[in-house]
Structure formats: C-alpha cells, structure tokens
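Dear colleague,

Please find below the structure that I am handing over to you. My notes on it follow directly after.

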Amino acid sequence: MAENSINTDIVKEENLVYKKTSLLTDKALSYCPGCGHGTAHRLVMEVVEELNAQEETIGVAPVGCSVLAYEFMDIDMQQAAHGRAPALATAIKRLYPEKYVFTYQGDGDLAAIGTAETIHACNRGENITIIFVNNGIYGMTGGQMAPTTLPGMKSSTSPYGRDVKSMGNPLKITELVAQLPGTYYVTRQAVHTPAAVRKAKKAIKKAFENQKLNKGLSFIEIVSNCNSGWKMTPNQANQWMVDNMFPYYQLGDIKVPEE
Amino acid sequence: MKELRLMKGNEAIAEAAIRAGVDGYFGYPITPQSEVLEYLMMERPELRTGMVVLQAESEVAAINMVYGGAGAGKMVMTSSSSPGISLKQEGITYIAGAELPCLILNVVRGGPGLGTIQPAQSDYFQSVKGGGHGDYKLIVLAPASVQEMYDFVETSFDLAFKYRNPVLILSDGAIGQMMEKVEIGDQKVRLTDEQVKERCPWATTGKTTKRERNIITSLDLDPNKQEKFNHKLQAKYKEIEKNEVRFEEIQTKDAEYLFVAYGTSARICQKSVQLARAKGIKVGLLRPITLFPFPAERLLELSKQVKGILSVEMSAGQMIEDIKLSVHCNIPVEHFGRMGGIIPSPGEVVKALEQKFL
C-alpha cells in the first residue's frame, strides 16, 4: 500500500495530528464532494485497522453509489447483486465464523429491493454487521425516489414531492429490524459534524466487537446527505438533513443490549 | 464391498453432497425437490462433516448465499425446481460473471408459470443458453439415473473448480422422486481454510500482507475491458466444448435411425430401442450427458450414417434446435415429446418414429 504523497513544503511532519488509515486505498473517491459516504468508508476502515483485522475482515458491497466500495477499502470484498448483500454475508460468515463480515448498503438496496434479505438476515441473528447509509434517494441512478424519501420530498420520480397517498410512506426499516429478536444492537447515527463522526465510529466499533463476542446482528444506520441528488450545496444539504431528515429519522440507539 | 442403498434421486444428491465434502448448501422448499433440503436437515451434516445447511427465505436469497460462499472459495450448492430456478437466474448470472464455481440442481417440473409438479424437460433453453442476462454459459449435466444424481455431484464440483464456472445438474421430477439402487462413495474430508486458500488464491479469504486484496465482482464500467472480459469467457466456453463433451451411445453401430434424448426421456428411449428392434427397425440412441457442451461432433458423424433423427424430449422441442445445428440439417430431424408433466411411453416413441420416418 503506497502512502499518500504529502507536500512536505506545506505540511510539516511535526504538525501531523491525523493520518488517513492505511486500509483506505489511494484511489480517488467516486463520491460527490460533500457526500457522507467517504466519511462512512473511512470510519469502517479505521475500525478494522484498530482491531488489527485486515486479514480477518470480508466486506460486501451493494448496488448503488457505494457499488465501488471495494475500490476504496483495502480488504477482501465481494460485490453483491442489488439488495442481496445480507444473503452473501450470511453465507460468508457461516462458512468463516471467525471472520468479521459486514455489508455496506444504501437505502434503495437495503430497504426496497433487499427488504426480504435484510429482514431475514436480521431475524436469523446472523453474526454480522450491517452498515446502512440512508440519504433518502437513489443517488447513482440520478436521484429517484427511495423507500426512505420523506413525505413531500422532491426527486426525479416524485417531481412534485412524495405523495404518501399514492407513493407510500418512508420506511423506518431500522425501527422495524430493532423489533426482531435476532438483532443485538441497532443504532442510528450521522457523520455531518466531528461530534457525530466520533459517535458513529464508536457505534461501528461496538458492532464489530459484537461479532467477536458472537452476539448476533448489529445494524448501524447512518443518516446522510445527497447534495447532488437533493440539488443543494453540501452545506445546504447538511442543514436540510438536520432540519428534515433527523426529525423523521431520529438519531441515537434504538436497541441496546442489556449488559 | 461398496455400500449400496435404495434412495430417491433427491436424497442421493444430498448424500453425495455430504460425502463429497461440500461446505455449504442453501435451499428453499419447492416440489419436486424438497427432499434435498429435508434429507440434509435430517442427516445433521454439521455433525458429520461440518457442512453448513441453511433454509433461506427465498430462492433469490439462497442463490445469493451460494454467490457469497463461492466467492469465498468454498464448495457450495443450491437446488430448486423450475419456478425457483427462474428466480435464481439473477444470482446465476452474477456467479457466471464473477467466474465462480458452484453447483445448482434443477429438478424440472412442467411449466410455464406455476405449471405442474410433474416431471418435464422444458427448461432446456434456460439451462444451456444462459438463462439470465448477458453472454454466459453453464456447464450442464443431465443425469438419467439415481446413481448419476449421486455421481454427478463430485463431477460437477471438479468441473466447476477446473473452469471457475457454475455447473447445473438438469434433472427432472421423475429422477428426483424415483428410487433406485445407489452405490455410495467414501466420505471425503472437507478442505481446511488453508487448503481453500491454496485452491482458490482469488477468493475472499481475508487480505494478507503477502497479496493484493481479492475482489469478487462482475462489474466493469469500461466497455473495452468488459468486452475483453467477455472474450475471455467465450474462450473458456470454447475450451469446455473442446474438453468436456460427454455422451452415451446405445446400439448405434448398425443404426439407420437415431433417438437423441437425455435424462428421463433417454431411459424411456432405451426401451423404445428394444421395442423398435423387435419390429425390425434398426434404431439407436445417443444420450447427451453434457447438454452444454453438446455432443455436436458425434451427432454430425452419425448424421452421415443414419437416415433420420428423432429428438425425444418432455417439452415442445428445445434440444432439437441444437441437434439441427449439429447435423447442419443434412438429414431430417424430427421432434416427439409430451408436455405439462406427462411422460411418454416407450411405445409412443416407437410409434412417433414410424410415423415420422417410415
């Protein structure tokens, strides 16, 4: 793994307080500037690095904006069919019970086309981690309505806003899977501020540690933005997320194991 | 002395999977193949060999579990029957596109749609021409006995790993359900994780500092690379056509007419050959054992000897297209078949031969 090239005329070694994890590749991220995926990728890889588990971790990428997650994460990964990541992860974990296995999925992937795979992997209590990035839209295909698109929210397939009467209601799948006996730890986080990033990382780490303890399924939702899909600047998108997404998708732990 | 058992075709497949050292089976109930999953659950293979057996929430999930397990280098399989196999096509094309080894069993029932639970051979096109989207081929084996159901499990995995290609066993409700004597093989030890790494250096077994990360994907957005990859796949299929054609011939030496039939139809045609010969009609049988690759060369040779070919299938006539292509239409090729779950009688087949050619 090549190190990032640092311009030492500008950045002095003695002033370095932060370094990119060695488990992120040097490939330029394909995400829009301002998108939360980059931060979420980093957190997952930082956790794997801190657990010293590069060799012990197998990831499953979805179909969606993060379809190329395997380009950025320097671990063995499989790219699933749309929505099927939990099925792949189920088999990988059952066949390699000692490994850390995680899926990384978006809202369309996890909460629409993959609903059955999501619910049943959760219900079986597969000993895996699901990282669920919810930005309320299909980003990769150009901003269509997602299962998590808010009422009234505009998208390319709800151009006059989501009419819940004809288009259905946004799905709080995280609350739904929290009801299932197979889920051990269910939480909803965000990555829009340094404080939120720190909390999200803590949650991801806990989720991975749960695997080592054979506790069952840990489900981490990260409410994120899609400034390009939402047709906003990154700042506006983050503010809109705080004002509109967070009231509907409230941050915090939803199911915490009793110790 | 070898161990002999009286078993259903579906049970034989399940026992063969345990004995072959298969690592994982992922299935979903559907008639007429549910005995595969039932037998495995009853046998507790997790205690016998450590094999993972899981009843998935759907055929879609089951094939994607196979995709995950295969990508991690393990010997994995699934089974279903026609409507379920249609659901699996998404996963199958991903597996073919990611060049992964696995075994899929189709215990065919009549269609289209929900059709019937009785045996049929109407999934031939879906099996040998790809089935899902994109240009890909499965290696397709067609057992004609319960013994072959058993034996083809190991053959399938040998081929699957040799070519990094999914293998389909195309059976039908008759072979899945009927009971015959089966010679059982010895128990093979499952590969250790270290052996898996050796056999499958491409698999997601965990990135070490000694190698680049392994990625299992069928995606390449660069059309030039994607075309190059497709050429690579096609070259592989050519290689398979060159090396892996399997078939059986019965009384073809002096044959003036030829039945071509696989699976259950081939069993019926064996009797039809006897009946016809008793009447003085010199007919033989060519039974393709591999449907892809198809025994095209041998059929072309035989077309210079026989006056006509009768393709006998429990379908509206699907394999007949491959026969016609094989013999370059230089002799008459006719179809006889029953549909909707009806199995033709040997006499019916002889009658059809007489009507079409004599």
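Predicted model: local features only at pLDDT ≥ 70, side-chain atom pairs only at ≥ 80, totals over all residues.

Residues are numbered from 1 along each chain as its sequence is written, and chains are lettered from A and ligands numbered from 1 in the order in which they are written.

Contact between the chains

Chain B contributes 32 residues to the contact and chain A 29 residues; two residues are in contact if their C-beta atoms, placed from the backbone, lie within 7 Å. On the side of chain B that touches chain A, two or more residues each come from strand E2 (24-27), strand E3 (52-55), helix H4 (59-71), helix H5 (82-97) and strand E9 (215-216) of chain B. Helices (H or I, at least four residues) and strands (E, at least two) are DSSP runs, numbered from the N terminus. H4(B) supplies the largest share of this side, eight residues. By class, this side of chain B holds 13 nonpolar, 13 polar and six charged residues, where Ala, Val, Leu, Ile, Met, Phe, Trp, Tyr, Cys and Pro count as nonpolar, Asp, Glu, Lys and Arg as charged, and the others, Gly among them, as polar.

Strand pairing also links the chains: strand E2 (residues 76-79) of chain A pairs with E9(B) in the parallel sense over two bridges. Two strands pair if DSSP finds at least two bridges between them. Met77(A) has Ile215(B) as its bridge partner in E9(B).

Helix H5 of chain A

The axes of helix H3 (residues 85-95) and helix H5 (residues 115-124) of chain A come within 7 Å and cross at roughly 35°. Axes are lines fitted to C-alpha atoms, for helices over the stretch in contact, and angles run from 0 to 180 degrees between N-to-C directions. Pro86(A), Ala87(A), Ala89(A) and Thr90(A) of H3(A) meet Glu117(A), Thr118(A) and Ala121(A) of H5(A) in this contact.

The buried residues in H5(A) are Glu117(A), Thr118(A), Ala121(A), Cys122(A) and Arg124(A); a residue is buried if 20 or more other C-beta atoms, placed from the backbone, lie within 10 Å of its own. Seen down the axis of H5(A), they fall within an arc of 170°, so they line one face of the helix; the arc is that of the directions from the helix axis to the C-beta atoms. Their cover includes H4 of chain B as well as H3 and helix H4 (107-113) of chain A. Just after H5(A), Gly125(A) takes a positive phi of about 70°.

Sheet and domains of chain B

An open sheet of five strands in chain B runs in the order E10-E12-E11-E14-E15, with mixed pairing. Strand E10 (247-250) and strand E15 (333-337) of chain B stand at the edges with a single partner strand each, so one side of each is left without a neighbour in the sheet. E10(B) pairs with strand E12 (residues 283-288) of chain B in the antiparallel sense over four bridges, and Ile250(B) stands opposite Leu285(B) in E12(B).

Chain B is divided into domain 1 (3-194) and domain 2 (248-357), with bounds from an automatic or database domain assignment. Their C-alpha centres lie 27 Å apart, and 25 residues of domain 1 are in contact with 21 residues of domain 2.

With kind regards

Notes
Buried ≥ 20, exposed ≤ 12 C-beta atoms within 10 Å, placed from the backbone.
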